[in-house]
Amino acid sequence: MSGIICIGLMSGTSVDGVDVAITTISGEPPHVSVQLDYFETVPFSAEVRTRIFRLFEQSVTAAEVSQMNVLLGHVFADAVLQVVNNAGVDITNVMFISSHGQTVYHHPIAEEIAGYAVTSTLQIGEAAVIVEKTGRPVVADFRVRDMAAGGQGAPLVPFVDALLFAHPERGRILANVGGIANLTVLPRGAAAEQTLAFDTGPGNMIIDGLVTRFTDGRLRYDEDGRMASAGQVLEDYLATWLRMPFFQAQPPKSTGRELFGEQMVEQWWRDAQEQGFAPEDVIATATAFTVRSFARAIQAFVLPHHAIDEMIVGGGGSYNPVMLDGLRRELPALTVLTQDQATGIPSSAKEAVAFAVLGYETYYRRPSNLPAATGAKRPVVLGKITWD
């Protein structure tokens with residue numbers, strides 16, 4: 001396939017490392033072709049991971065945020081150089097690098113400050129450092145442009161979902177269960193502007209945090225759903241959390257660590273200690289929290305309005321059989337497939353590939369937000385380009 005070589009970088013809410021996708025992209029909407037040439041996740045060192053989590057605390061200083069912005073620029077650049085070397089790719093043949101950055105704050109609900117309605121989001125990993133170390137242009141800071149146009153700055157991946165995976169005869173839901181869970185609804189034969197997308201709530205973030213605590217850091221996630229499958233769902237406890245106002249809010253909507261992050265993990269952890277919950281039961285309940293909030297969002301906001309045939313699940317949750325079985329049980333009318341099965345793009349690579357595509361659109365000065373998904377007033381060109 002002819003086209004240009006682009007690299008997509010993603011560091012998600014799970015803070016595992018830098019996902020690096022080397023892609024070849026050609027064409028223009030609605031006919032864009034994407035080939036994944038090579039993919040690798042470069043794990044964060046323990047120190048870097050600890051310092052990133054420190055940024056989620058309320059007591060963090062401006063100096064720490066500033067320093068981490070530059071530090072992560074170095075980390076992202078080194079990840080690129082390592083992966084292109086492993087892939088046998090000459091960095092000078094890469095047209096550009098597209099970096100989502102590490103989200104450290106996302107507040108999409110406007111607050112009145114000094115007479116202005118202010119929404120805000122912050123992704124760090126200094127593009128200038130990546131440019132200097134790799135010698136390639138970098139597209140970064142995607143979310144703020146959509147917010148400036150009245151959107152929530154998220155979700156952005158639905159543009160790519162609609163571009164690559166819409167089907168003329170099958171209604172599809174593209175589900176991503178990462179740290180946060182979100183979905184893209186692709187009605188049969190729908191145009192991109194008819195796409196519906198929104199965050200549904202927790203993905204793996206609460207599960208991962210609790211597993212880490214219960215195992216004193218020996219494990220960072222529930223591999224193959226083993227802890228969840230050994231426990232029983234605490235139904236009364238779960239029912240309380242499912243009444244959170246976020247779940248009743250109409251789309252478009254987005255969320256993040258501010259709602260489903262460390263503070264919630266801490267609350268669940270304290271409740272488990274005080275009430276004597278077994279670790280396996282807590283993990284089973286956290287897994288059910290993700291499954292049921294996701295399924296209820298589909299039942300409330302999608303199925304009454306769209307005929308859906310299948311759901312394609314990506315992200316870390318697609319590797320958890322307990323989660324997949326739960327989704328099939330809650331949504332029996334849908335065929336549930338994994339990203340790997342349905343599209344040939346590994347679940348772990350999807351978001352890095354998506355940001356390569358978003359960077360491709362930015363590079364050619366084409367809008368790539370979906371107002372139907374983000375709530376923006378109009379389509380806009382996303383991101384900022386730092387040239388070599």
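Author: A residue is called buried when its relative accessible area is under 20%, exposed when it is over 50%, and partly exposed in between, using a 1.4 Å probe and protein chains only. The model is predicted, so local features need pLDDT of at least 70 and side-chain atom pairs count only at pLDDT 80 or more, while totals for chains, interfaces and linings use all residues. Residues are numbered from 1 along each chain as its sequence is written, and side-chain values use heavy atoms, with hydrogens and water left out.

A salt bridge is a side-chain nitrogen of Lys or Arg within 4 Å of a carboxyl oxygen of Asp or Glu; the whole structure holds 18 of them. One of these joins arginine 54 to glutamate 57, at 2.6 Å from N to O. Arginine 54 is partly exposed at 25% relative accessibility, and glutamate 57 is partly exposed at 41%.

Another salt bridge pairs arginine 172 with glutamate 310, also at 2.6 Å, N to O. This pair links distant parts of the chain, 138 residues apart: arginine 172 belongs to strand 7 (residues 172-177) and glutamate 310 to strand 10 (residues 310-314). Strands (E, at least two residues) and helices (H or I, at least four) are DSSP runs numbered from the N terminus. Arginine 172 is buried at 14%, as is glutamate 310 at 6%.

In a further salt bridge, the closest N and O atoms of arginine 213 and glutamate 262 are 2.4 Å apart. Arginine 213 lies in helix 6 (residues 205-214) and glutamate 262 in helix 11 (residues 262-275), so the pair ties together parts 49 residues apart in sequence. Salt bridges with shared partners join Arg213, Glu262, Glu266 and Arg270 into one network.
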